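Here's a quick briefing to read alongside a protein model. Have a look at the sequence and the fold first, and then we'll go through some features together.

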Amino acid sequence: MRRPALAVVCTALALSLTALPDAGAAAPQTPARAATANTAVQQIAAAARPDQNTAGVGDWSVRALDDGRYEVSWTSPDPLPLNSDRPTIVGGDDLLVNATTLAADGRTVSAVVAAAQAPEPDDLDVVLSGDRLDEAGDDLTAGAPSTQRPASPPRTTPLDAPDPGKAGPYATTTSDYDLPGVKLPGMKEPIEMVGHVVEPAASAQTGPRPLVLFLHGRHGSCYDPNNPDAYTDVWPCRGRFKEVPSQLGYDYIQKVLASQGYATVSIRVNGINAQDYRLDDGGADARAQIVRKHLDHWTTLAAGHQVDLDRVVLVGHSRGGEGVDHASAEIPLSAPYRIAGQVLLAPTDFANHSAPYIPTATVLPYCDGDVSDIQGQRFTDTNRDVAADDNSLKSSVLVMGANHNYFNTEWTPGTAVAPAFDDWGGKATEPCGRRTPERLTKAEQRDVGKAYVAGAVKLFTGDDAYLPLFDGTATTVPSVGDADVRTHAIGGGRDIRRPGVDATLTAATGGALASMCSGRATYRARSDKLCGNGFQAIVPHWPYVGEATTTRKFFQMSWSKAGAVGGLALKKSLDLSADRLELRTIVDPAGPVDLSVRLTDGSGAQVTIDPVGGQRLAPLLNAGYATKLWAQSLIVDATGATGIDLADIRSIELIGRSAKGRIWVADAAAAPATLADVPTTRAPQINLGSLRVEEGDPPGSQPVTRTAEIPFTVTGEITRPARFGVLVASARGAGAKQRLTVDLAPGQTSGTIPVSYEADRVFDQPLPQMVTAWPIRRIATDAYLGRLNVIDDDPMPTVKVEATRSVREGKAIRVTLRYSAALGYDAYVNLGITRGPRPYLRGNDVGKRWLKRVGASKGCQKLPLVKCGVGDYAMMKAGRKVVRFTIPTRADRRREGVERVTFRYDPGLTRKARGKVTVAVRDR
């Protein structure tokens, strides 16, 4: 396959580079740091913050593939940590970035982008846990004012129900089971089947007990008991290494639930954590399969443990949250168990997925230093638009001062037997730092975990008294103390109005600037039409430009004097005669706002009401990258208002009472006081497939464009028209449409997605073409990533190496590689230095400028070159056949005899094409 001869390379260190790999290939490595992610023993301090970085971090490479398509890659100088978030390449609004893959070396991340011209490395970022790894410093604390503190929590009222965080009346018992391991696709080693059970004592008269299953997230798999700072992800654990008992980390919640009459089991998936780098989806589906295997096992235990498998609640932490969400969507109604709801603790959501018809409470720790973008917010937002008849509650629970790890005692220093750390990496005295009064202690965070997990379990198994903990009401319980916990919700019977869909703009008055903005974000200011235009903050409601997901409209309003008015004109009237009004509202971090709400009915009659709790709505925190723009619940109780028909509300307007301000509104809803019944149904699911095709020769000498069809299948039954979105990594030309929508007809069970590629007569090393899908309407996604592998059938060129086998001091060593035929891609050719015949040429025998260019340290001049860890590389552009290297030598007056240097060359073809050549350097 032919690719234009164009590449952009930005290199901070002189690395030995080869042609860039796909996710399953061996990636380029610095000779001195040849560690792989699945074999390295890492220090926990490095894992806590992947980048305590300095200027010139890592290496960017951009190379052309075919028309309008570029492969961008960044290599870290060190292995990336084993945590829950995944490194993601992001770019500007003129780029479409496909799924980011991590190579087997654990350091190289790559993605394919579509653009009119080659993207500049300065316009790209690699983001992990909220930090741009390719930029110096720590974004989590960049620009964070030391005196800025979170806003005061809203006034709360006690919950009118027993405290769910307190132990119940039943005695409990604990047991464990260990079943034969399970082999899963894509992983070499079986996954363990271990469960930690806590349940009411056999004599406890609880009646049928719902089952609560816990699934931990991605953490170290094996640790060394003799070294508290070391772990490895070699699997199975070997030698002195023991398994990290992550499944024991929720025992404190399990005991509370068991004392209240629930059976619980916490399962272990270290085998997935150690091998999920092999899987495109990060292991989400593998975790879902293991959940189902354990539930299958519980069908054999249920009768003896008084378990009611029609009321199963899944609790997933971190990547375990995404895993249980996939399980909830996959488990059919015909299964011998029924998912009644799920609780997601600090979850990932790489798929932009949400399980329709499954009640969900998503707990978001504000000070999460791992999944720091609190992407779990997507489980709420995504579900809003997927199925109009889905009445399942989707609640977001924001816990101020909580971090990622402390929900699991085995990930918490002081209680864990294996390495553990505080994942928030900022300074101790800055916002979210461990020495600030607003930061929750380990015990305080566990108290919140107990209360909200148990409260959600009670709610999802039939007790509506616990709804105020999750629906935006400012409610608290004694067990959480003074912890600041805020919530908002969709679903649950809400009648919702969406800006730009169900509502347009009213006429803005009083100096208000009101508009509909596109719910996208950029790191750099680009367009005022984007809601998140250049914010140096976490914006969980707004995916970054280029992400594969749906774009939603938000109402935005700003003003510079009191009395400004703007709002939403509703296409269909809203009934507030019995329900309260909820506005999910984001406040600009620049400062608090004072607001009133004006309602207008069909006759033009109006009423102005202050929100519940008062006019003031403050930002959560303004502290650089520790800032999060999250939608708070602005609640209006209009019941009792006179002179207006509350059953016929036609517009909702916000009045700015403060002198200035800016806000965004995600949606408006009429919310009932009790939950609506959830339809007994499950959404059909899309499963993308993979395809291998032979390239084939074109009829003439010029390349031709061909199209392959990536297959997809549908699990479940489509009864009404459905739609999903697709981002295709390959297309005919830069102007071709990359974002596609696929419409599905009732009864449809399969289909294909077109992906183009070029066939030619030159040797190539093609990258997989990735296809990413996300749900839009009446559909869910299971296998959301597809792949096209085009098998190149052109002969590999041979390589002839020419070298000056003997030179005198002061002359240049020249090495030339001649290819028998041109390549169809830009090849990065290595010339490394390796062991060979002695005595060795030393660093002070070659030119100083050359040493500096290849990144040698100052001490290298006194060492043999083979010990300096240096090498040279060159880029050979597509269509060329020759690449040359020149290494100058220095003349001195010392008689040293013959010194030798052995070069290891890699022409960027295959391992078989690699070789060595030795050059002798003689005195003058």
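This is a predicted model: local features need pLDDT of at least 70, side-chain atom pairs count only at pLDDT 80 or more; totals for chains, interfaces and linings use all residues.

Let's start with a term: a residue is called buried when its relative accessible area is under 20%, exposed when it is over 50%, and partly exposed in between, using a 1.4 Å probe and protein chains only. Residues are numbered from 1 along each chain as its sequence is written, and side-chain values use heavy atoms, with hydrogens and water left out.

**The whole protein**

- The protein has eight helices and 54 strands; these are DSSP runs numbered from the N terminus, with helices being H or I of at least four residues and strands being E of at least two.
- Of the 924 residues in the protein, 61% are buried.
- Take the contacts (heavy atoms within 4.5 Å) with a separation of 6 or more: residues 24 or more positions apart account for 77% of them.

**A residue in helix 7**

- Gln445 sits in helix 7, which covers residues 442–460.
- Is Gln445 buried or exposed? It's buried, with a relative accessible area of 0%.
- Leaving out residues up to four places away in sequence, Gln445 touches Ala402, Asn403, Tyr406, Phe407 and Leu440.

**Disulfides overall**

- A disulfide is a covalent bond between the sulfur atoms of two cysteines.
- How many disulfides does a search of the whole structure find? It finds four, counting a pair of cysteine sulfur atoms within 2.5 Å as a disulfide.
- If you count the bonded cysteines along the chain, the pattern is 1-2, 3-4, 5-6, 7-8.

**Cys222 and Cys237**

- Cys222 is joined to Cys237 by a disulfide, S to S 1.9 Å.
- This link of Cys222 and Cys237 is left-handed, with -85° about the S-S bond.
- The two cysteines are 15 residues apart: Cys222 is in strand 15 (residues 222–223), while Cys237 is in the loop between strand 16 (230–232) and strand 17 (242–243).
- Cys222 is buried at 0% relative accessibility, whereas Cys237 is partly exposed at 22%.

**Cys367 and Cys432**

- Another disulfide joins Cys367 to Cys432, S to S 2.1 Å.
- The link of Cys367 and Cys432 is left-handed, with -75° about the S-S bond.
- Cys367 lies in the loop between strand 21 (360–365) and helix 6 (378–381), and Cys432 in the loop between strand 22 (394–399) and helix 7, so the pair ties together parts that are 65 residues apart in sequence.
- Cys367 counts as buried, at 3% relative accessibility.

**Cys517 and Cys531**

- Cys517 and Cys531 also form a disulfide, with their sulfur atoms 2.0 Å apart.
- The link of Cys517 and Cys531 is right-handed, with 100° about the S-S bond.
- Cys517 is in strand 27 (residues 513–522) and Cys531 in strand 28 (residues 530–533), 14 residues apart.
- Cys517 is buried at 0% relative accessibility, and Cys531 is buried with a relative accessible area of 2%.
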